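Hi,

Here is the structure I promised to pass on. Have a look at it first, and then read on for what turned up in it.

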Amino acid sequence: MSVLKYIAPAVVTTLGLCTHACAQSTLTLYGTLDLAYGSFMTSAPAAKSHPVTKVDGNIMLTSYLGFKGVEDLGNGLKTGFVLESFLRPDTGGAGRSDTDVFWARAANVWLQGGAGKVVLGRQATLGYAQVVAFNPFGGSFGLSPAVRLTYKANAAGNDKGDNGWSNAVSYVSPSWSGLTVSAQAQAAETTDKSERASYAVSLNYAAGPVAVGLVAHTLRSAEAPKANLTAGQKQNFAMASASYDAGFAKFFAQYGVYDNAGYTGASKIDTSLVQLGATVPVSAAGKVLVSVGQSREKPVSGGSTPKTDHNIASLAYDHWLSKRTDVYAAFMLDDEDLPGYRAGRSYIVGIRHAF
């Protein structure tokens, strides 16, 4: 995108101006590029279910370019900003799709002190943060069953919102003996009382090899049009997660539920989902990742849509060539239990580089 050619000069100019005035500040350019080659196929009606061989981006991690800055205000108080833009390195396109805003990954400022951290602007949701933290594939939209069954747009995802909220404010508490409390809200920004704000809260605890998390959010029409929610419609989401690092392997488990309200007939579908996985180191530089997930969709209140189980299983080997570069080989089975559907199998090799 032509916008990028203006960013670098602006950053250089800013760095020059801040040589003296910003002595206690830092500015960082960073990002990740992820590209893969393979045969891709997801579950679909048999007549349309065919593997596609291609070069694709954003399999292990969605590529992005970011800028962040931090200023030490003294007395334990810091402030900063984050600007992050998604990329499609297989085509050179900006964003996850042509409809993405430019800074879709993040565009926010924050203030942090002894009482915690406050963030204002576009930012990842608390629900997405927990989905990512408690599965072996992290934020992989290409391979993670947990991510695909929640936030994967135009595919398996059950969440009616984005994995990032615009017009949001969040608070993260200090750690109290391993316990952290977070709260988040997305403003409706309208005088129309039928448009409602969205809210989220999470609890996370980590001590030694054990970590557990709870998250819940209520998504309202403020997230439209991405969510396709209209006045009176909402979606409630809750998830419990846990991990245990046994040394020879790290194990993960998640259980979540979606409840949709304000819908009628076939549109009202409640969903439960589960994910189990493990990360197994096999050498100093390599590890095996395995994860299986299932969502169970059921119509309620007389809905006519058939009950559907969607199963995804992923297996990968990830090898780090350096601290910034890794290569991976993966297999994914995608099976949606609908009449006339056929399971899809994907075979993928890829490389990821962070800078």
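Predicted model: local features only at pLDDT ≥ 70, side-chain atom pairs only at ≥ 80, totals over all residues.

**Aromatic rings**

The count of aromatic pairs comes to 8. One of them is Y30 with Y64, an edge-to-face pair with 6.1 Å from centre to centre and 75 degrees between the planes. Y30 belongs to strand β1 (residues 25–40) and Y64 to strand β4 (residues 64–74), so this pair ties together parts that are 34 residues apart in sequence. Y30 has a relative accessible area of 12%, so it counts as buried. Y64 is buried too, at 11%.

Another edge-to-face pair is made by Y128 and Y151, at 5.5 Å centre to centre and with 85 degrees between the planes. Here again distant parts of the chain are linked: Y128 is in helix α2 (residues 126–133), while Y151 is in the loop between α3 (145–150) and β9 (164–172), 23 residues apart. Both of these tyrosines, Y128 and Y151, are buried.

There is also a ring cluster, in which ring pairs link F67, F102 and W103.

**Around Y64**

What sits over the ring of Y64? The charged end of R105 does, 3.7 Å from the ring centre. R105 also turns up among the residues that Y64 touches, beyond those up to four places away in sequence; the others are Y30, G31, T32, E84, S85, F86, L87 and F355.

**Nonpolar cores**

Which residues have the most contacts inside the largest nonpolar core? They are V131, F141, Y151, W165, V215, F237 and M239, in a core of 16 residues. At least two residues each come from α2, α3, β9, β12 (210–219) and β13 (234–245). The top contributor is α2, which gives 3 residues. A separate core of 14 residues lies apart from this one, and A36, L143, I312 and I348 are among its members.

**Strands**

On one side, β9 pairs with strand β8 (residues 116–124) in the antiparallel sense, over 7 bridges. β9 is also joined to strand β10 (residues 179–186) by 5 bridges, again antiparallel. V172 takes part in both pairings: V172 is the bridge partner of K117, and S182 in β10 is the bridge partner of V172. The hairpin of β9 and β10 has 6 residues between the strands, and S177 there takes a positive phi near 55 degrees.

Further along, T308 is in strand β17 (residues 308–320). Is T308 buried or exposed? Its relative accessibility is 4%, so T308 counts as buried. Leaving out residues up to four places away in sequence, T308 touches S295, R296, E297, E336, D337 and L338.

**Charges**

Side chains of opposite charge can pair when their charged atoms come close. How many salt bridges does the structure hold? There are 9 of them.

K54 and D56 form one, at 3.6 Å from N to O. K54 is partly exposed at 34% relative accessibility, whereas D56 is buried at 19%. K54 also lies over the face of F40, 5.2 Å from the ring centre.

R96 has two partners to look at. With D100, the closest N and O atoms are 2.7 Å apart; with D162, the N to O distance is 3.0 Å. The bridge to D162 links distant parts of the chain, since R96 is in the loop between β6 (93–94) and β7 (106–113) and D162 is in the loop between α3 and β9, 66 residues apart. R96 is partly exposed, at 29% relative accessibility, while D162 is buried, with a relative accessible area of 9%. Through shared partners, salt bridges join R96, D100, R122 and D162 into one network.

Over to you, and happy browsing.

Terms used
Residues numbered from 1 in each chain as written. Heavy atoms only, no water. Phe/Tyr/Trp six-rings, centres within 6.5 Å; stacked < 30°, edge-to-face > 60°. Helix = DSSP H or I, 4+ residues; strand = E, 2+ residues; numbered from the N terminus. Buried < 20%, exposed > 50% of the residue type's maximum accessible area, 1.4 Å probe, protein only. Lys NZ or Arg CZ within 6 Å of the ring centre and 35° of its normal. Core = buried A, V, L, I, M, F, W, Y, C linked by side-chain atoms within 4.5 Å. Contact = heavy atoms within 4.5 Å. Pairing = 2+ DSSP bridges. Salt bridge = Lys/Arg side-chain N within 4 Å of Asp/Glu carboxyl O.
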